[in-house]
Amino acid sequence: MKRDWLITFLILSIPDVAIAWLVMTAGDGKTSTFWWALLVLYGIQFFSTLKSTLAASLLYRLYGKKRLTESATQFLVAQKFPPAQPGEEIDEFLQRVAQGDEYPINQRLLAASEAAKLYQLEDQAIFPVLRVRAAYNAALRKYRGG
C-alpha cells in the first residue's frame, strides 16, 4: 500500500517538477528558483484543495444533506423496506434486511446491492461515504416503514 502511494505521488509530481524546471530555466537557472517554484505550486494546490473541501462541506451542510436525506427516504418508501430498529444505522439495517429470510427476495437483493455500493464508495473516498451514510441514517430515523 505504501508503495502504491509513493508511485502515485511520483507520477502526479511530474507536471509540478516540469513546471518548476521551466521556471528555473526561463529564470536565473539557480536551483533555489526550482525549489521556490515547486513550493509555490504545492502551496497553490494546498489552498485550492482547502477551498474546495470547505466549499463542498458548506454545500453539503446548507443543502446537500437535506436533499440526500429526502432522496434516501424516497428510496426506502418506494421499495417498501421495513422500519429500522431503534438505534440501527444504515449498515446494520441493510445487512439485517439482506440476510432476513422474512423479507421478499427483491428487498433482500436491493439491500445487499445498496450495502455493496456503500462499501465500494468507502474504498473510493471517505467524505462522500460519510455524507451518504449520514443522510441514510437521518432517513432511517424519519422513515416508519412501508
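## Basis of the model

The model is predicted, and local features need pLDDT of at least 70, side-chain atom pairs count only at pLDDT 80 or more, and totals for chains, interfaces and linings use all residues. Residues are numbered from 1 along each chain as its sequence is written, and side-chain values use heavy atoms, with hydrogens and water left out.

Helices here are DSSP runs of H or I with at least four residues, numbered from the N terminus.

The buried residues of H4 are Gln107, Ala111, Glu114, Ala115 and Leu118, where buried means under 20% relative accessible area, exposed over 50%, and partly exposed in between, with a 1.4 Å probe and protein chains only. Seen down the axis of H4, these buried residues fall within an arc of 100 degrees, so they line one face of the helix; the arc is taken from the directions from the helix axis to the C-beta atoms. On the other side of H4, Ile105, Asn106, Leu109, Asp123 and Gln124 are exposed. The cover over the buried residues of H4 includes helix H2 (31-78), helix H3 (90-99) and helix H5 (126-142), contact being defined as heavy atoms within 4.5 Å.

## Packing of H3 against H4

The axes of H3 and H4 come within 7 Å and cross at roughly 145 degrees, where axes are lines fitted to C-alpha atoms, for helices over the stretch in contact, and angles run from 0 to 180 degrees between N-to-C directions. The crossing of H3 with H4 is left-handed, a term used when the near helix is turned anticlockwise from the far one by less than a right angle.

From H3, Ile90, Asp91, Leu94, Val97, Ala98 and Gln99 meet Gln107, Arg108, Ala111, Ala112, Glu114, Ala115, Leu118 and Tyr119 of H4. By class, the residues of this contact of H3 with H4 are nine nonpolar, two polar and three charged; Ala, Val, Leu, Ile, Met, Phe, Trp, Tyr, Cys and Pro count as nonpolar, Asp, Glu, Lys and Arg as charged, and the others, Gly among them, as polar.

## Packing of H4 against H5

H4 and H5 pack with their axes 8 Å apart, at an angle of about 145 degrees, and H4 passes H5 in a left-handed crossing. Glu114, Leu118, Tyr119, Leu121 and Glu122 of H4 meet Pro128, Val129, Val132, Arg133 and Tyr136 of H5, and the contact of H4 with H5 has seven nonpolar, no polar and three charged residues.

Tyr103, in the loop between H3 and H4, counts as buried at 14% relative accessibility. Leaving aside neighbours within four places in sequence, Tyr103 is in contact with Pro82, Arg96, Val97 and Arg108. Between Tyr103 and Val23 there are 80 residues in sequence and 65 Å in space, C-alpha to C-alpha.

Thr33 lies in helix H2 and is buried, with a relative accessible area of 19%; not counting residues up to four places away in sequence, Thr33 touches Val23, Met24 and Asp28. Glu89, in the loop between H2 and H3, counts as partly exposed at 46% relative accessibility. With residues up to four places away again not counted, Glu89 touches Asn137 and Leu140, while Glu89 and Arg141 are 52 residues apart in sequence and 9.1 Å apart in space, C-alpha to C-alpha.

Methods: Helix = DSSP H or I, 4+ residues; strand = E, 2+ residues; numbered from the N terminus.
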